[in-house]
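Dear colleague,

My notes on what was found in it follow directly after.

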Amino acid sequence: MGLRKNGNYDGIRVHVILNPQKKNLLVGRDVFELQYMSDGMSGYYAYNPQIRRNYTEGNRKSYIDACTSNSAHPLYAMSSAEFCGFLILQNNFKVPKDYPVKL
C-alpha cells in the first residue's frame, strides 16, 4: 500500500497493490487507487473522489471504459486505477458482473 498527496486538492491517494511480487502489474487486477478528500472544515478525510460526484447509472459505461483506458488521465481522473477501485467500492466491495478486467 502506498500514499501520496492528492495533487492540488486537500486529500490523499491510496495505492493498493495486491500482488507486489509480480513483475508486470495490471491495473484493475493487481493495482487500485482510492482518493480520500478533506471535508474542508473538520480536518477529517473520507473516501470522496471527484468521480463519485459525477457518477450516474447513465454514465456507468464510460466509467467501465475508463477502468481499462490506456490514457494517462481518462475522463477527468488521475488514473484508470481510480475508476477500477471506484467500481468495486460502488458495489459494496464486491466485483460487479460488468467489471471489465478479468480476475
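**Tyr 99 and its surroundings**

Leaving aside neighbours within four places in sequence, Tyr 99 is in contact with Gly 28, Phe 32, Cys 67, Cys 84, Leu 87 and Ile 88. Please bear in mind that this is a predicted model.

**The nonpolar core**

Tyr 99 is also one of the residues with the most contacts inside the largest nonpolar core, which has 19 residues. Of the elements involved, α3 gives the most, with 6 residues.

**Helix α3**

How many of the 11 residues of helix α3 are buried? The count is 10 of 11 across residues 80–90, so the helix is largely enclosed by the rest of the structure. The buried residues are Ser 80, Ala 81, Glu 82, Phe 83, Cys 84, Gly 85, Phe 86, Leu 87, Ile 88 and Leu 89. Just after α3, Asn 92 adopts a positive phi of about 55 degrees.

**The disulfide**

The model contains 1 disulfide. Cys 67 and Cys 84 form it, with their sulfur atoms 2.0 Å apart. The link is right-handed, with 105 degrees about the S-S bond. Cys 67 belongs to helix α2 and Cys 84 to helix α3, so the pair ties together parts that are 17 residues apart in sequence. Both ends are enclosed: Cys 67 is buried, with a relative accessible area of 2%, and Cys 84 is buried, with a value of 0%.

**Salt bridges**

Side chains of opposite charge can pair when their charged atoms come close. The count for this model is 6 salt bridges, and three of them are described here.

Which residues does Arg 13 join in a network of salt bridges? Arg 13 is linked with Glu 33 and Glu 82. The side chains of Glu 33 and Arg 13 meet at 2.5 Å, N to O. This pair links distant parts of the chain, with Glu 33 in strand β3 and Arg 13 in strand β2, 20 residues apart. Arg 13 and Glu 82 meet at 3.0 Å, N to O. Here too distant parts of the chain are linked, with Arg 13 in strand β2 and Glu 82 in helix α3, 69 residues apart.

Asp 65 is partly exposed, with a relative accessible area of 38%, whereas Lys 61, at 55%, counts as exposed.

With kind regards

Notes
Residues are numbered from 1 along each chain as its sequence is written. This is a predicted model: local features need pLDDT of at least 70, side-chain atom pairs count only at pLDDT 80 or more; totals for chains, interfaces and linings use all residues. Side-chain values use heavy atoms; hydrogens and water are left out. Buried means under 20% relative accessible area, exposed over 50%, partly exposed in between (1.4 Å probe, protein chains only). Helices (H or I, at least four residues) and strands (E, at least two) are DSSP runs, numbered from the N terminus. A nonpolar core is a set of buried Ala, Val, Leu, Ile, Met, Phe, Trp, Tyr and Cys residues joined through side-chain atoms within 4.5 Å. Contact means heavy atoms within 4.5 Å. A disulfide is a pair of cysteine sulfur atoms within 2.5 Å. A salt bridge is a side-chain nitrogen of Lys or Arg within 4 Å of a carboxyl oxygen of Asp or Glu.
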